[in-house]
Amino acid sequence: MSAPVSNHGGLPGNWELLYPSKYLRASDVTELFGGGANMTISHVARERVLRPKGGEFVVAPVVYFEEVDKLCESKKMERKRLILVKTNSRLIAEATGLSNPREWTGCIVHVYVNPKIRTQEGVRPGVRIKKEQ
């Protein structure tokens with residue numbers, strides 16, 4: 001039997017991070033930003049994203065953050081974006097006071113992990129948005 005190269009060397013603090021994703025997840029916000037940080041909206045776009053259930057592509061809004069872009073570039077990671085579910089779209093509008101997503105560029109919001117988001121899979125951590133802190 002071969003011995004492991006290392007028991008914990010280079011392993012992330014969450015199993016989800018063993019599987020790279022181009023989408024910003026709660027585990028990314030926890031690991032890379034200590035659970036939350038003020039972030040500047042780079043831009044909002046519509047992109048083809050893969051639905052978790054069914055494996056089909058749909059066009060959905062996504063938001064990019066300058067701080068995430070810089071971190072991904074420095075770590076040579078794929079650029080991450082947050083899929084904008086309706087709740088987070090509404091929360092950005094409330095946090096910025098702007099209902100038009102084209103006007104969100106340059107706005108600063110606080111991106112954080114809420115540990116108790118209800119999903120179809122049950123209660124789990126999820127990314128949420130509020131006014132900058």
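In this protein, where is confidence lowest, and where is it highest? Hi everyone, let me answer that before we look at the fold. This is a predicted model, and confidence is lowest in α1, with a mean of 92, and highest in helix α3, residues 86-96, at 97. Over residues 1-6, though, the pLDDT is below 50, and beyond near neighbours in sequence this stretch has zero contacts in the model. Where pLDDT is low, the predicted coordinates should not be read in detail. For the protein as a whole, the average pLDDT is 89, and 87% of the residues score at least 70.

Now, on to the sheet. Five strands make up an open sheet, and the order is β3-β2-β1-β4-β5, with antiparallel pairing. At the edges sit β3 (82-83) and β5, each pairing on one side only. If you follow β1 and β2 (residues 57-65), you'll find nine bridges joining them in the antiparallel sense.

Let's come back to α1. This helix lies across β1, β4 and β5, running at about 130° to β4. Its buried residues are Ala 26, Ser 27, Asp 28, Val 29 and Phe 33. And what covers them? The cover includes β1 (36-50), α2 (66-74), β4 (108-119) and β5 (122-131).

Key. Residues numbered from 1 in each chain as written. Predicted model: local features only at pLDDT ≥ 70, side-chain atom pairs only at ≥ 80, totals over all residues. Heavy atoms only, no water. Buried < 20%, exposed > 50% of the residue type's maximum accessible area, 1.4 Å probe, protein only. Helix = DSSP H or I, 4+ residues; strand = E, 2+ residues; numbered from the N terminus. Contact = heavy atoms within 4.5 Å. pLDDT = per-residue confidence, 0-100. Pairing = 2+ DSSP bridges. Axes fitted to C-alpha atoms, helices over the stretch in contact; angles between N-to-C directions.
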